[in-house]
Amino acid sequence: MASDFEYAAVAVEHAQRPRNFGALDSYDGHARVTGPCGDTMDVWLQIRDGRIQQASFTTDGCASSLACGSMITQLATGRTVEAARGIQQEDVLGALGGFPEETQHCALLAADTLRAACEDFINGGRLDRRDESAAPSSCESCDTASCAAKARRQDESEKEFAERQALERRLCRIGYKFLVLSGKGGVGKSTVAANLAVSLALAGQRVGLLDIDIHGPSIPGLLGLQGQQIGVAGGDLVPVRMTDHLAVMSIGFMLSSRKDAVIWRGPLKFSVIRQFLKDVAWGDLDYLVVDSPPGTGDEPLSIAQLVGSPAAAVVVTTPQELAIADVRRCVSFCEAVSLPVAGIVENMSGLVCPTCGEHIDVFKRGGGKALADEMDVPYLGAVPIDPAIVESGDAGIPFVEAHRQSAAGRAFAEIVRTILAGQEQEPVTTTTKRED
Ligand code: ADP
């Protein structure tokens with residue numbers, strides 16, 4: 001535990017002599033969750049008549065994780081499953097007399113794991129994960145002998161190999177991945193990502209939309225999904241299903257407050273993004289659209305390194321010089337990480353006067369096209385400024401669904417057609433193996 005913070009005696013006691021430590025032989029609910037710090041916690045529950053008779057935990061984490069696991073199992077014992085499911089990070093911290101900011105995430109991990117174990121019971125899961133802990137010795141998701149996930153690399157531990165295989169198993173069920181990037185914030189990247197995903201889903205494709213904008217996850221708001229809870233089943237994170245064809249996972253569903261992510265550093269972000277790619281049960285997807293944070297920092301780098309192929313970047317910009325300069329860096333970044341560029345979208349490209357229909361160039365126009373030519377990447381099209389885009393976003397209604405016939409709606413449709421036409425020219429592997 002950190003030395004310059006005065007831990008309460010109760011926290012020290014639970015860290016040094018954790019209660020309820022160890023797996024239960026028989027149990028009615030169980031979950032294993034990996035937290036933002038990379039630590040893993042397991043919680044097991046024995047439940048009679050809807051009430052928790054016994055709760056136990058293990059963790060590979062630090063003393064703070066031990067204290068939080070110990071406290072949360074103590075808090076859960078004797079409560080109804082519903083009441084235990086509602087125990088929050090703050091409840092654990094309060095019961096332990098407070099933690100310094102850098103270890104508060106241990107309480108979040110404990111609360112997430114207990115909630116997941118309760119949901120495992122509620123969903124009738126009672127999945128015996130003792131079988132799962134025996135990691136498969138080889139990847140069984142396909143017969144491709146040349147697949148890099150078939151054999152352990154020399155520089156890899158067994159654990160790293162198992163993790164890489166789990167990631168590959170998940171990714172190889174996704175036909176194509178689009179990473180939506182921008183040089184800077186506020187240019188409409190999330191708007192483009194959300195509307196691209198919704199357009200593909202409306203066209204009958206099976207689509208996943210993954211929001212890894214750790215510092216400003218806006219997808220839940222844009223699609224009216226704020227406050228949704230992600231599920232946990234069989235140790236996997238279950239995305240929020242918006243329609244039969246569109247499943248959504250956002251880092252925003254997991255953060256209790258924006259403050260949670262602010263202190264995350266590069267390696268932590270990498271591990272959270274890898275968990276998102278590895279542990280979300282998308283099933284078979286034709287497309288995964290990823291809303292990445294702006295710039296070329298830790299998160300875009302992590303996702304570009306992890307996502308594998310086939311994948312391509314959709315780069316969003318506004319027409320001004322300043323935004324264009326940032327996009328130039330963004331395209332160079334894609335080159336550096338060997339990520340193909342599907343093309344550039346120029347957003348907020350002029351305004352169509354609602355009265356006379358005349359095109360007014362508010363921020364100039366054509367910068368995106370000029371840059372695409374200069375950098376020899378495809379130009380995907382321009383979306384005009386439309387107040388209805390802001391209104392739809394604020395109301396949580398997908399713009400392309402509500403305003404198909406507007407100039408901006410038609411522009412989105414044309415962009416999606418261009419992206420797909422470009423993508424069809426490349427070999428695409430779509431697998432159809434069903435989830436067990
Ligand atoms: P980013 O993800 O790049 O930060 P957002 O997609 O969150 O940007 O968009 C920023 C703001 O601009 C939002 O309020 C959004 O509704 C608005 N916006 C995006 N594109 C347009 C457009 N073409 N016309 C009008 N407003 C737009």
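1. A friendly place to start: Arg32 stands opposite Asp42, a residue of strand β2. Please keep in mind throughout that this is a predicted model.

2. Now for the strands themselves. β1 pairs with β2, which covers residues 40-48, in the antiparallel sense, and six bridges join the two. Which helix packs on the sheet and touches β1 and β2? That is α5, residues 105-122, and its direction makes about 145 degrees with that of β1.

3. Stepping back to the whole sheet, you will find three strands in the order β1-β2-β3, forming an open sheet with antiparallel pairing. The edges are β1 (29-34) and β3 (51-59), each of which pairs on one side only. From one strand to the next, the twist averages 15 degrees.

4. A further helix deserves a look while you have the sheet in view. Helix α2, made of residues 63-76, lies across β2 and β3 and runs at about 175 degrees to β3.

5. On to the ligand. How many residues surround it? There are 18, and the closest are Gly188, Lys189, Ser190, Thr191 and Gly393. Two or more residues of this shell come from each of these elements: helix α7 (189-202), strand β12 (341-352), strand β14 (379-385) and helix α14 (387-395).

6. Finally, the make-up of that shell, which may be handy when you inspect the side chains on screen. Nine of the residues around the ligand are polar, seven are nonpolar and two are charged.

Notes
Residues numbered from 1 in each chain as written. Predicted model: local features only at pLDDT ≥ 70, side-chain atom pairs only at ≥ 80, totals over all residues. Near = placed C-beta within 6 Å. Helix = DSSP H or I, 4+ residues; strand = E, 2+ residues; numbered from the N terminus. Nonpolar A, V, L, I, M, F, W, Y, C, P; charged D, E, K, R; others polar. Pairing = 2+ DSSP bridges. Axes fitted to C-alpha atoms, helices over the stretch in contact; angles between N-to-C directions. Contact = placed C-beta atoms within 7 Å.
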